[in-house]
Amino acid sequence: MRVLVTVGTTRFDDLVAAVASDACLTALVAAGVDELVVQHGACELPASLQRRGANGGDLTLNPPHSDHTGHGTNSHPSDNGWTVPVRGADGRETALRVVAFAYKPSIDEDMAAADLIISHAGSGTVLGALAASKPLIAVPNASLMHNHQVELARALGNSHGSRKGEEVIVSCSIDELVDVVREKSWKNLRAWVAGDPRRFTDFLEDIAGYKTS
C-alpha cells in the first residue's frame with residue numbers, strides 16, 4: 001500500500017515531522033503501508049526517513065534533479081527510493097520504502113499511484129485528490145495567514161471524532177493525525193461525485209471574500 005504525503009508549495013514542517021514520527025510510522029505500517037512518498041517542499045527530510053548508511057548513520061539526501069523553475073523532476077515513485085526500518089507495535093522491525101522530493105511541476109502521477117493521500121488542505125491538492133478518487137486525510141496548515149484551509153476541510157469532510165456518514169475527506173489537526181491513521185476512518189469515505197462546479201466557487205467566494213469570475 002502506497003501513501004503520498006504532500007505539503008504543496010508552502011512550508012508545512014509540522015506535517016512532515018508528524019508523519020515521520022515513530023508513532024505515525026508505526027500506525028502506517030500497521031495499516032498495511034509499505035511505501036511512503038513524501039513531497040516535503042522546503043522542509044528538510046527528517047532523520048527517520050533519510051537513507052541509512054552501511055553503519056546505520058544517515059546519508060546526505062541527494063536532491064532531485066531540477067528544471068529551470070527549481071522544481072524537482074523525479075520519475076515515477078517506484079523508480080527510486082530506499083528503505084528505512086520501522087518498529088511495529090509488536091516490537092518487530094519492518095522495512096518501509098521511502099521516496100522523497102522537494103517539488104515537481106506536477107504530482108498528478110504520484111496521486112494516481114497512491115492508495116491514500118495525506119496533505120495540507122489547500123484547494124488545489126484537495127480537488128486533485130478528489131478528482132483522482134483517492135482517500136484523503138487533510139491537515140490544515142494553521143501557520144498560514146488568512147488561512148482558509150480549515151474552512152475548506154470542514155466543508156468537504158468531517159473533523160476528527162465526528163461521524164456524519166457523508167464525508168469525502170477526513171480532516172484533522174496535526175495532533176490528531178496518528179489517531180486518524182490508527183482508526184482507519186479514511187477507508188470508509190464515500191466516493192466524490194462531480195457536480196455543479198459553481199457550488200465550489202460559491203464557497204470560495206464566501207470564505208475568501210472575492211469573486212472567482
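The structure is a predicted model, in which local features need a pLDDT of at least 70 and side-chain atom pairs count only at pLDDT 80 or more, while totals for chains, interfaces and linings use all residues. Residues are numbered from 1 along each chain as its sequence is written, and side-chain values use heavy atoms, with hydrogens and water left out.

Confidence comes first. The pLDDT, the predictor's confidence in each residue from 0 to 100, averages 77 over the protein chain, and 65% of the residues score at least 70. Over residues 59-78 the pLDDT is below 50, and this stretch has 45 contacts in the model beyond near neighbours in sequence; a contact means heavy atoms within 4.5 Å. The pLDDT is also below 50 over residues 159-163, a stretch with 11 such contacts.

The protein chain contains 7 helices and 8 strands. These are DSSP runs, numbered from the N terminus: helices are H or I with at least four residues, and strands are E with at least two. Of the contacts between residues at least 6 apart in sequence, 60% join residues at least 24 apart. Buried residues make up 45% of the 213 residues, where buried means under 20% relative accessible area, exposed means over 50%, and partly exposed lies in between (1.4 Å probe, protein chains only). The chain exposes about 10900 Å², with carbon and sulfur atoms supplying 50% of that area; accessible areas come from the Shrake-Rupley method with a 1.4 Å probe, and for residues only the protein chains shown count as cover.

What lies inside? In soluble globular proteins, nonpolar side chains tend to be buried together. A nonpolar core is a set of buried Ala, Val, Leu, Ile, Met, Phe, Trp, Tyr and Cys residues joined through side-chain atoms within 4.5 Å. The largest one here has 39 residues, and Leu28, Leu36, Ile118, Ile137 and Leu177 have the most contacts inside it. Elements that each supply at least two residues of this core include β1 (2-6), α1 (13-20), β5 (116-119) and α6 (177-183). Leaving aside neighbours within four places in sequence, Ile137 touches residues including Leu116, Ile118, Val170, Cys172, Leu177 and Trp186. A second, separate core of 16 residues includes Val37, Ile107, Ala114 and Ala129.

In α1, the buried residues are Leu15, Val16, Ala18, Val19 and Ala20, and their cover includes β1, α2, β2, β5 and α6. In α4 (residues 123-131), Thr125, Val126, Ala129 and Leu130 are buried. They cover an arc of only 135° around the axis, which puts them on the same side of α4; the arc is that of the directions from the helix axis to the C-beta atoms. The face turned away from this buried side carries the exposed residues Gly124 and Ala131. After α4 comes Ser133, whose phi is positive, near 60°.

The structure holds 0 disulfides, a disulfide being a pair of cysteine sulfur atoms within 2.5 Å. For Cys24, the nearest cysteine sulfur is that of Cys172, 9.2 Å away. Cys24 is buried, with a relative accessible area of 0%, and Cys43 also counts as buried, at 8%.

Finally, Pro140 sits in the loop between β6 (136-138) and α5 (149-156). Pro140 counts as buried at 15% relative accessibility. Pro140 and Ser119 are 21 residues apart in sequence, and their C-alpha atoms are 8.3 Å apart in space.
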